Structures are given as C-alpha cells and as structure tokens.
Amino acid sequence: MSALGKIAPWIILAILLAVAPFLFTSGTSRTMLSIMALSIIFALSYNMLLGQTGLLSFGHAVYYGLGGFVAIHAMNTIIRNKYAIPLPVIPLIGGAAGLFFGIVFGSVSTRRAGTVFSMISLGLGELVASSALILRTFFGGEEGITTNRSRLAPFLGYKFGPQIEVYYLIACWCFICILLMYAITRTPFGRMCNAVRENPERAEFVGYSARMVRFIAFSLSGLFAGIAGGLAALNFEIMNTQSIGAAQSGLVLLMTFVGGAATFIGPIIGAILITFLQITLSDITGAWLLYFGLLFIIVVMYSPGGIVGWLALHEPIYRVGQLGRLVPAYAINAIPLIVMIIGGILLIELAEWALVKAESDGPETSIFRIPMSTNSVLPWIAGVVLFFGGALALRRTWPLVQDAWGAALARLREQPA
Amino acid sequence: MTPALSLQNVTKSFGQMEIIRGVTLDVPQGERHAVIGPNGAGKSTLFNLISGRFGISSGSIKLEDQEISGLRPYEINRRGLSRSFQVTNIFPRLSVYENIRCAVLWSLGYKYSFWRGVNGLVDARERSEDIMERIGLAARRRDQAGVLTYAEQRALEIGITIAGGARVILLDEPMAGMSRSETEHAVALVRKVTEGKTLLMVEHDMGVVFGIADRISVLVYGKIIASDTPQRIRENAAVKEAYLGQAAH
Amino acid sequence: MLEIIVFSTLNGVLYGMVLFMLASGLTLIFSMMGVLNFAHASFYMLGAYFGFEIARRIGFWPAFFVAPILAGVVGALVERFGLRRVHKFGHVPELLFTFGLAFVIEEVVQMIWGKLPVDYRVPPSLDFTAFRLFDTTYPAYKMFMLLVAIGMFVALLLVLNKTRVGLIIQASLTHPNTVAMLGHDVPTIFMAVFGAGSALAGLAGVIAGPAFVTQPGMAAALGPILFVVIVVGGLGSLGGAFAASLLIGLVQTFAVAINGSLADIFGASAADWFGDLGTVTVAQIAPIIPYFLLVLVLIIKPTGLFGTRET
C-alpha cells in the first residue's frame, strides 16, 4: 500500500470530524455529535478487550465512570484553587484514573479467562456501582457531582462554554485516541493480543504469558475508557452513578457488538449508530430499550460479526465482481423483511401504549404518524398480519439469497489462488 | 558436556493412575532422539511434562543444567525449548505470516512492547520470511491458517515450533495423519530444520524413526525399557516383544 | 443476642437455599450445555410474576404448580427457537444471547406489570406464625419456603444418584464433551435441560415472590449474586454451589443484622480517618459483601472452593 493510501483514511477521518458540525447544525445535533465522538473512544477501548483479546467484560463502565468522577473532582479542585490547568488536559486526568483502576482491578480480573472472566467483570462492576451509593462524598449520592467547565482557565482564548467548542475538543481527543488505539493493534503486543484470543495455550508455548498479555490489554483499555469518561465529565458537566453502572456497561457492549467486534472500525460504526438511536428513539417511543434488546438478540443470532462484519463478508465477493449477483436477491428479500419489521414495531408500539400509557393518556395514539386507537381491533390485526405475513414471505424468498451466495462462492473458488 | 535435556526419575500420576513411572533419560546436545512405544505408554504425557503443560509428581527435568520442572510453559520456552503438538495447535484466524511472526517476537526481544510498530521490525520480518520459505508455505503467507490443508497446517505447526530459534525441539508425532508422499516431504523438512539443534521426537512410523533418529528410547507403561542406537533397538529382544513384534513394518 | 443469631441463621439459610435453587439450575444448564445462562434470574422473575397473576385470579396453590411449568415452557421455547441457532457460533455468542434475553424479559415485564412492585401476597392458608422466640415471631410461610427448597434439594439428590438421567447429568458436570459423544439426541436434551433449569428457577420465583419483593428489577438484583455463587463455589460443581449459596446467604443476612460501623470501634474520629467508610454500617455494605468474597476467592483459590473446571 502506498504511503498516500495509508494516510488517506486518516485525512478523511480528520475532515469528517472537522466538518460534521457544519453538516448538522442544530443544537441537539452538535450535542449528539459530541456524545458520538466520546462514545467512539469508549467503544474502541472496549474492543481492545473483546475483539482484540477475546475478553468479554460486563463491567467496563467502571473505568469510564471512575475516570469521569476523578476528572470532575479534578475540575472542581482546579476551579476552587484557580490552578492554571486548562480544560483540554482534563481527559488526561480521567485517563490516568482509568489506567490506575485498570491496573488494580485488572490484577485480579485477568487471573481467569473466558466465561469466568466475564462473571468477575460483572461482580466487580456491581461492587463499584454499589459502593457508589455508600461513598457519598466521592460519588455524590443520587444527585452526583456537578461542575462548570467554563470556569477553568481559558485555553488559547477559549472558555469552552458553547457546545461547538466542546465538540471540537472532544473531536481532537477522539482523533488522537483512534490513532493511538489503532497504532497499538500494530505492535508486537497488539499482535500477541490476537494470538492470545485465538489460542492462549499456543501463545504460552511461544514464550508469552497469556495472563500478562491480558493484564496489559485490560490496563490500556482502562486508560482509554478513562479518557472517554473525562470527556463525558466535561461534556455533561455532571457525573452520577448511571455512568458507572450495569446499564452503561451494557450500552458499550451493545455498541461494540452491533458495530462489529472483529474489525477495528466496527465499534466506531456501532458507537455512532447506537448513540443516534438512543437519542432519537427515546423521543419517539417509550419502548426504545426493548428495541435495543431485540436488536442485540437479532445481531447475535443472525450476524455475530455485527454490521461491519456482515459487510466484510462481501469483500471477497466484491473482489471477483460477483456482488451484482447478490444485489437483486437482497432487494427482493428486503421487501418482506421491511414488512415484517413494520408489523413488529406496530405491535410493540400498540402494546406499549395499551399497557403503559393508555390509562393516563387514553387509547388514542399515532404510530408512523397514522392515528389509531388501541381499543380497536384493526391495528392489532394489521400488526399481526404484517409481521407473520412478512415472516412467511421471507421464508419463501430467502433461498434466493442462499442460491446467489452459492453461485458467487463457486465463482470465487474457481479463481486461481 | 552437559546434556541438552536430562530427566531424572520423573514420575507423574493423575489421581491414582501412575502414567509415568520413573523415566531417566539424557539427550546430548545436537542429538536426534526418538521416543517410541505402544499406545498409552505415556509418550505425549512425557512431552507435556517436559514442556511444562503438566507438572511432574516427582523427579527432575533439566534443560542444559537448569531445572525446568514446575515452570510455566512460557518460562520454559524462553529458556530455549520449543514443542509442537500432535493435534494441530495453531492460530486459526491469523494468516500464515502472522502465525510465524508471533512465534519469533519473544526470541527477538520485543516482549510486550506496545510502542513499536511490528511491521517495521526488519528482523522479525526477515526471520518469518525465512521460516516460511523453509517450511514451504511462502506462497500461502496471506491465507488464514484455518483454511490450509491438513499437511500444510502440520508444516505450519513445525514452523511455529522452530521459529523462535529454540535449541531443543520437541516434535509430537509430526507426521500424524499424513500420506506416504507428504511424510517423505515432512521427513526432509524435519531433518533440514533441526540441523545443529537437539531434537526429541515422538513417532509411530518406524520408517521415519529409523531414518531420522541417532538414538531411540522405547517407552512402555511409563518406563523406558531400552535406549540405544536404532540398529541395536531393532535387535533388542525385550523391545521386539513389547512393541515391534506387535506392529512390525 | 441469641434471638438475632437464631433468626439470622434461619433467614440466612432460607436465602441461601433460594440462591441454591437458582444456582443448581444454572449449574446444570452450564454443565450440560456449556452455556452460562445470563437470563436465569429472569426466569426466576417470570416465575414470580406468573405466580402473582395466577394466584390473584385462581389461587396460590394452582400458581405453585402451574407457574414453574409455564416458566419451563418459555425456557424450552427460547432454547428451541433462539439459543439453538446460536450454538454453532460458540460460547461467547451464547452468553451474549442470554444477556440480550435477560434484558428483553425485563423490559417486557416492566411493560406489562409496570415498574412498581406488585402485590404478590402470602396465601391466607400459610399466613400465620410458625413459632415465637423471645419477642420475635417467625412466619409459617418462610418455613414453607424452606420446606420446598429442601424438598427440591432432596429430589435433586435422588434424581442425580438414583436415575439414569441423573447419571448422565453427573457425568456431564465434569466431562461434557464425552457425554455429548454418547449418541443421545442432543438438541432435544438441550431443550429439556434448559426448560427444566428454567422451571426450577420459576419455582424459586413462585415461592420467593411473596416473601421477597416482586418487581421488575428483581432479576437484575439477584443475577450478579448468582454468578458470584457459581464462581465462588466452582464452575460445574453442585456441591460447591450449595456451599457457596449457604455461605453467601448467611454472611449477607448476618451482615444486615449487624449495625456496627468503624465509628463504633474507633470513635467519632473514624470519619476523619476513613471518610465515608468510617460511618457506614456493616448493614449498609451487606449487599456488596458477596463481591468482596468473590475477589477474595479469586486471589486465594481461582478455581473456586470446589471447582475443577476452567471453562
């Protein structure tokens, strides 16, 4: 690959980051972009464990949250004592905290691998999250800890009050972190992470302690999670037990997995998509958490490589020019699939309204901008028909996709090696 | 001269079952030594004990005068002993090149460094290229190890074992499952890559054993009943009765 | 003092037995299928909610029999139509599937029954005092729970030791791969095991619902503790699960009863020295004691108290 080919993606990334707030100019969009950028760092740090080293953690929010809390206390201390430390340095403090706790908890967690490691991460996550309610001075109890980022010393004249300024600060950190985490995958250590993921026993027999590799990976992922936490602290100007709990850990798992844990770029896509869904869906429907759960299950069942993983499957097909064979099959299958999804959403929304809101707000509601009543049978029947009808039709049309893939793969194998 | 590998009265029990009942063996430096014996004799267990996969129950194992019993596999590997596996034990989703490169990194001193780009490490690249040439997989360097043919995976298995430059090589049934012609290739490969090193090999194929080994030890029910040159082993009455007589080639 | 000890022991054993009812099902599923069922506590919750619905429409005793069966059926269906697809992807996707499932079950329960606890009551037939010790009474319902738990434990022992099915289960606890090769109809067995495990969890839920609170968060509250039990006891060890369940049940219950704090020992200056830690009472940290135990066991004996299996 030529030198330009290597640098090009990074230039494109930098341009996208720089230009994004001008493509989406509303206040909420800029907030969303900021959250996306720091979620990218968080999800990439998580994938250092999951995708790179094969460690499934259910408690990663601990390092994000602790990084954030240390950062926010640092900010308040700086404000109180008028230290000359500017805002852009704060994520570094979060990162240091994340690294520290990554080392401390990692020394215990990485003693075991596999399923047991996952259970340990869950237990440790609960331990820290529950401690948060006990250690009230540090965690602020139910209200959390607040701060005001524009009260720190100005940096190059900026006080970082407006969201757009905060966005660029986060975007810079995002770029740096993506670069660093990508670079780490291309080091001897990064390679051995993959080796330990593939075959920890063999890695031991070529001179590497699998436990040490996991420990270092754990500590480094804590570092970057802490940076993300620090950015969250200055973005939201509040940290509470939400940021450290099981829900946050589940969210980063969702982002990374749905995006695709097997590639470097997967978690980036996942972070962007899930953040977008989280912010927009929660305004539209009360059942958004249910949709997230269902999305997760569907991805696990039908595409465990996530979105990017699914796309990557097509790469060899694309290379031999057989992609055209698949497109019509996909297009035909898309119709029953969409019908099925619409039916499913209709049923869930109706159920959600009928069970949760109808008592207080009455049976009238509007779904897909169509007014309907949960009391009338018609919408329910429509939902059932659409969902099951779509499912049955999909079963009929799916063989088209299988046949297309079969033909494409056969053509692939014919190619000279 | 200190032997490359020295086992003194090594025993191993799994619960009540005594698998290795007192093995004493010295392998001089540079020797090619084969271990043969009937199924269940404990050959693979012996390898697992030497390479640190299991701990011994009693006795001592010395690598060039350093006691290695009780050490973790990676500690033993760092001291210059490397082993292959009877059931192919590679990194399936990494490419052939990556498989070999992972095996050279520690021996080149790169340890856990996460601050140097691995693609810029010239010595790692050159060593890996060299190994891939020697095992005949240079053309497959970019392919995932998991999609190689069985014989190619066995070659890769050997490649990973020797890549780190270990002085003492343990090969556990390297020809397992190979056809006649594949075996011939593999024998030439083994001879080539173990020149100047100490080789300890477990094999069932007598043709291979007599072709490669300088000395042969016969392991029966966890004890070595004979340890001698191939010619004398062939003539040894006890060995014939215990082993060769049952599966004469 | 004696009063506290007696009642804490009773409550601790009771809580431990409920934990064991859950942990045993989880261990069985894990041993036979290799799947660590994240949603196990969710079936406990389903058992409680099904029990609540049936109890308030028909009666407690029908609920007692029907709710666990319902939970078991849901489990079998989940295995047949969901988990079965995921087996081929390996253990991590299986674990993730059950993780997503737990999430979805909690959301659905919340949607149907609301976020607040439901009024799942002790049935009138069992709503009396079992005995009185010193000044405190002990409810008969809790004795009933204890009886059911012990009965389940005895039944489990009998099945494991005296039946052919039990023999297979025992074998799969330590040698799952060998058992798989014995030629049994594996998919159907998986469905049955998952269903049976879920039914056991549902049974625990039906009887625990009135005693402990029935609310949508109950699965998420008990789930992590359940996994601590499994890890502390040792993966795949029923005896370990039993020991760890009782240990955690007793320790947590006794901790709640103890109201002392470091301040009581060291005086008011404890707050200066230890900050928040100085004034927090043992009772307040009771919920997180199991996690300290987890860390301790991991440092001292990583395979758990009785464990032999790594994964």
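This is a short tour of a predicted model, chain by chain and then contact by contact.

Residues are numbered from 1 along each chain as its sequence is written, while chains are lettered from A and ligands numbered from 1 in the order in which they are written. In this predicted model, local features need pLDDT of at least 70 and side-chain atom pairs count only at pLDDT 80 or more, but totals for chains, interfaces and linings use all residues.

**Select chain A.** Chain A has 17 helices and four strands (DSSP runs numbered from the N terminus: helices are H or I, at least four residues; strands are E, at least two). The radius of gyration of chain A, taken over C-alpha atoms, is 24 Å, close to the 22 Å from the globule rule for 417 residues, so chain A is as compact as a globular protein of that length. That rule is 2.2 Å times the number of residues to the power 0.38. The C-alpha trace of chain A spans about 70 × 65 × 45 Å along its principal axes.

Of the two pairs of chains in contact, A and C share the most contacts (two residues are in contact if their C-beta atoms, placed from the backbone, lie within 7 Å). Here 40 residues of chain C are in contact with 37 residues of chain A.

**Select helix H4 (91-113) of chain C.** H4(C) gives 14 residues, the largest share of the side of chain C that touches chain A.

**Now show chain B with chain C.** Chains B and C do not touch, and their nearest C-alpha atoms are 13 Å apart.
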